[in-house]
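Hi,

Here is the structure I promised to pass on. Please have a look, and then read my notes below.

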Amino acid sequence: MRAIIVEDEELARQELAYLIETHSGIDIAAQFEDGLDALKFLQVETVDVIFLDINIPSIDGVLLAQNISRFSVKPYIVFITAYKEHAAEAFEIEAFDYILKPYSEVRIKAMLHKLEGTFATRGRQGEEERNPVSDKVNLWKNEKIIVVNADDIYYASAQEKSTSVMTKGEEYSMALSISDFYNRLPEDRFFRCHRSYIVNLSKIKEIIPWFNNTYLLRLHDLDFEVPVSRSKVKEFRQIMRL
């Protein structure tokens with residue numbers, strides 16, 4: 001399992017990391033003091049569990065967990081806090097556990113054992129059971145994670161250090177290469193038609209022959225043409241039965 005720790009107190013963070021490494025096989029991929037930094041990390045990385053303090057800078061732990069609960073693939077959330085009063089909110093978010101500080105080694109050990117056991121069981125039952133909404137895609141806009149249906153995406157284009165994603169009325173920016181973003185999309189509906197473009201095949205309205213035997217693709221609802229590069233023409237013709 002991969003995990004991150006989001007905790008602004010360095011000593012508490014170090015102690016928790018020590019207990020996790022001592023009593024489990026969980027790999028701590030990263031540690032954060034700030035909620036927004038953690039959210040940005042989760043935009044491009046996938047983890048299985050998040051150990052999350054509630055009183056942290058930028059975004060408090062409850063708000064961060066609410067954002068994470070909308071992810072298409074949801075990591076387990078274990079709250080670690082000195083306050084009892086957020087337990088009801090944690091229950092509503094379906095947090096895996098709610099650990100009070102100061103830490104009890106026995107309590108932490110029991111939680112880790114239960115966490116790894118649950119993860120192993122669900123792994124045997126298949127990833128689809130854990131992720132019944134695999135058709136969802138997490139997109140980023142105004143420092144929020146927005147979960148959209150994959151079918152609502154029209155096309156994506158590579159930018160200098162990111163990928164722009166267009167739906168009918170919104171543009172999103174993902175801090176991913178276009179290749180990494182392509183890997184997150186359903187294979188049967190999206191086509192990498194150009195080094196810098198991905199197109200949703202169901203959104204194509206017109207296929208316009210262009211120079212060097214290439215094509216331009218006009219899409220429903222949008223005043224934009226997506227190019228098909230020469231190296232992708234053969235595959236595109238096969239897909240579209242041209």
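A definition to begin with: axes are lines fitted to C-alpha atoms, for helices over the stretch in contact, and angles run from 0 to 180 degrees between N-to-C directions. Helices (H or I, at least four residues) and strands (E, at least two) are DSSP runs, numbered from the N terminus. This is a predicted model, in which local features need pLDDT of at least 70 and side-chain atom pairs count only at pLDDT 80 or more, while totals for chains, interfaces and linings use all residues. Residues are numbered from 1 along each chain as its sequence is written, and side-chain values use heavy atoms, with hydrogens and water left out.

Now the helices. Helix α2 (residues 35-44) packs with helix α3 (residues 61-68) at an angle of about 15°, and their axes are 10 Å apart. That angle is why α2 counts as roughly parallel to α3 (angles under 35 degrees are roughly parallel, over 145 roughly antiparallel, 65 to 115 roughly perpendicular and the rest oblique). The crossing of α2 past α3 is right-handed, meaning that the near helix is turned clockwise from the far one by less than a right angle. On the α2 side, Gly35, Ala38, Leu39 and Leu42 make the contact, and on the α3 side Leu64, Asn67 and Ile68 do (contact means heavy atoms within 4.5 Å). By class, this contact has five nonpolar, two polar and no charged residues; Ala, Val, Leu, Ile, Met, Phe, Trp, Tyr, Cys and Pro count as nonpolar, Asp, Glu, Lys and Arg as charged, and the others, Gly among them, as polar.

Next, strand β12 (residues 197-200). Tyr197 and Val199 point one way from β12, Ile198 and Asn200 point the other way, and all are buried (under 20% relative accessible area, with exposed over 50% and partly exposed in between, for a 1.4 Å probe and protein chains only). Strand β8 (residues 155-158) runs antiparallel to β12 and is joined to it by three bridges; two strands pair if DSSP finds at least two bridges between them. Three bridges also join β12 to strand β11 (residues 190-194), again antiparallel, and a hairpin of two residues links β11 to β12. Tyr197 is the bridge partner of Ser157 and also of His194.

Finally, an open sheet has three strands in the order β13-β14-β15, with antiparallel pairing. β13 (204-209) and β15 (225-228) are at the edges with a single partner strand each, so one side of each has no neighbour in the sheet. The twist averages 25° from one strand to the next. Four bridges pair β14 (residues 215-219) with β15, where Pro227 is the bridge partner of Leu216.

Best wishes
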